[in-house]
Amino acid sequence: MSPTATVLPAEWAPQDAILLTWPHADSDWRPWLSQADQTLATLAAAISRRETVLIGCRDSKHSQRVRDLLLAADADLARCRLYAVPSNDIWARDHGPITVYRDGRPALLDFRFNGWGGKFAHELDDRITAHLHQTGAFGSTPREPFDLILEGGSIETDGLGTLLTTAECLLHPNRNGLDRASLERRLTETLGFTRYLWLRHGHLAGDDTDSHIDTLARFCDSRTIAYQGCADPADPHHEPLRAMAAELRAFRTPGGQPYRLIELPLPAARRDEKGDRRPAGYANFLILNGAVLVPTYGDPLDAIALERLGPCFPDREVIGIPCATLIRQGGSLHCATMQLPAGSLAGAA
C-alpha cells in the first residue's frame with residue numbers, strides 16, 4: 001500500500017467520540033477510587049456535551065455505578081455508551097486504537113501494548129480494543145492488529161504526514177528493539193508518516209512511559225507547537241526542558257518555516273506519599289470538537305496555562321479539568337483518553 005493512501009489525522013480533525021476506560025476497585029486505583037470516579041465523571045460529562053463518549057466498564061454492576069456517576073455529573077447520557085470490558089488500568093491513550101484513514105475510510109489499528117516496557121500489568125489492557133470491536137462498539141469500522149508495540153501517547157502528528165516523538169520512548173529497548181531506520185519504515189507503512197521530528201531531550205520526573213511526547217510537546221495546528229517549559233533554574237527539569245526547547249526551535253514545517261512555539265509553565269512539584277515527584281504538566285491537554293480540555297492541579301499556574309493555550313485554539317473553548325487525582329498514578333487528562341475520528345463509529349449501536 002502506498003504511504004500516501006494512509007493518513008493519521010491530527011487531533012483537531014472532526015471526531016466521532018472519545019474512549020475512556022473507567023477505574024475499578026481491583027486495580028491500583030483502589031486507595032483513591034472515589035476521587036478517581038469523580039474526576040472521570042467530570043471529564044466524561046465535559047466530553048458528552050460535545051461528542052459521544054465510549055466507556056469501558058469492568059462488568060454490568062460497574063456499568064450501573066458509572067451510569068449513576070455520569071448522571072450526578074450532569075453528563076449527556078444519550079451520548080454515553082457503556083461497554084463491559086476487563087481492564088488493568090485507565091490509560092486509554094495507550095491501549096486504545098490508533099485510527100487512520102485508508103483512502104478516506106477509517107481503520108482501527110490495534111498495536112500491542114506491553115505496559116510501558118513491562119513495568120505494569122497489561123494483559124487485559126492489551127485486549128481492550130479487540131474486545132470492544134467484538135461487542136460492536138466501533139460498528140463496521142475494521143480493526144487491524146499489528147505485531148508492533150506502540151502507544152498513542154508516544155506519537156504526535158500534524159495530520160500532514162509529520163511525526164513528532166521522542167527517541168527515549170520509541171527507540172527504547174523495552175519496546176520493539178528496532179533501530180531508527182527500521183522503526184521509521186514500519187511507521188511509514190502503518191501510519192503514513194513521511195517526516196520525522198525526533199526529540200532527544202526532555203522528561204518529567206515520575207513519568208513511567210519513558211518520555212511520552214504528549215507530556216512534553218503538542219501540535220495545536222500544523223504550524224504551532226505548545227511545549228512544557230520550566231522557568232526555575234533550581235528545578236531539575238530546567239536543563240532538559242531547555243534543551244528540548246532548543247530542539248523545537250531548530251525544527252521546520254513542511255514548508256521550511258520555523259514553528260510558532262508556545263511555552264507552558266510547569267506547575268509546582270506534586271509528590272506522592274513516599275515523597276516521589278509526580279509528572280504534572282499542562283501539555284497533556286485533549287482537543288475535542290469545539291473545545292480543548294486542559295489538566296489543572298489547583299496551582300496558580302493553572303490560569304496561566306489556560307491563558308497561553310487560548311489563542312492557540314481560537315475556535316474552541318479552553319476548559320480546565322482538575323487532574324490532581326490522575327497524576328497520583330502517573331498520568332493525566334490526555335493519557336486517560338483516546339479520540340476516534342469522524343467515521344470511526346459507522347453503524348455502531
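**Largest cavity**

I looked up which strand gives the most to the lining of the largest cavity in this predicted model. E17 does, with 3 residues. Strand E5 (98-102), strand E8 (156-157) and strand E17 (338-341) each supply at least two lining residues. Helices (H or I, at least four residues) and strands (E, at least two) are DSSP runs, numbered from the N terminus.

I noted the volume next: about 190 Å³ of space lies in this cavity. It has 15 lining residues, and Leu8, Pro9, Arg93, Ile155 and Gln339 are the closest to its centre. By class I read 7 nonpolar, 5 polar and 3 charged residues. Ala, Val, Leu, Ile, Met, Phe, Trp, Tyr, Cys and Pro count as nonpolar; Asp, Glu, Lys and Arg count as charged; the others, Gly among them, are polar.

I kept the rule beside the numbers. On a 1 Å grid over the protein atoms alone, a cavity is a set of points where a 1.4 Å probe fits but cannot get out; a pocket is an open set with protein on both sides within 12 Å along at least five of seven lines; lining residues have an atom within 4 Å of a point. Grid points are joined across faces, edges and corners, and a volume is the space filled by probe spheres set on the points.

**Bookkeeping**

Residues are numbered from 1 along each chain as its sequence is written. The model is predicted, so local features need pLDDT of at least 70 and side-chain atom pairs count only at pLDDT 80 or more, while totals for chains, interfaces and linings use all residues; side-chain values use heavy atoms, with hydrogens and water left out.

**Other spaces**

I counted 5 cavities of 30 Å³ or more.

Then I turned to the largest pocket, at about 220 Å³. Of its 15 lining residues, Asp26, Ser27, Asn88, Asp89 and Ala121 lie nearest the centre. The classes are 6 nonpolar, 4 polar and 5 charged.

**Sheet E11-E12-E13**

I found 3 strands in an open sheet of this order, with mixed pairing. Strands pair if DSSP finds at least two bridges between them. Strand E11 (217-221) and strand E13 (260-264) are at the edges with a single partner each, so one side of each has no neighbour in the sheet. The twist averages 25 degrees from one strand to the next. E11 runs antiparallel to strand E12 (residues 224-228), joined by 4 bridges. Asp221 has Thr224 of E12 as its bridge partner.

Helix H8 (residues 238-250) packs on this sheet, touching E11, E12 and E13, at about 170 degrees to E12. Helix H9 (residues 301-309) touches E12 and E13, at about 165 degrees to E13. Contact means heavy atoms within 4.5 Å. Axes are lines fitted to C-alpha atoms, for helices over the stretch in contact; angles run from 0 to 180 degrees between N-to-C directions.

**Sheet E14-E15-E16**

I found 3 strands here too, in an open sheet with mixed pairing. Strand E14 (286-288) and strand E16 (317-322) are the edge strands. Strand E15 (residues 291-296) runs parallel to E16, with 6 bridges. Thr296 stands opposite Pro322 in E16. H9 packs on this sheet, touching E15 and E16, at about 155 degrees to E16.
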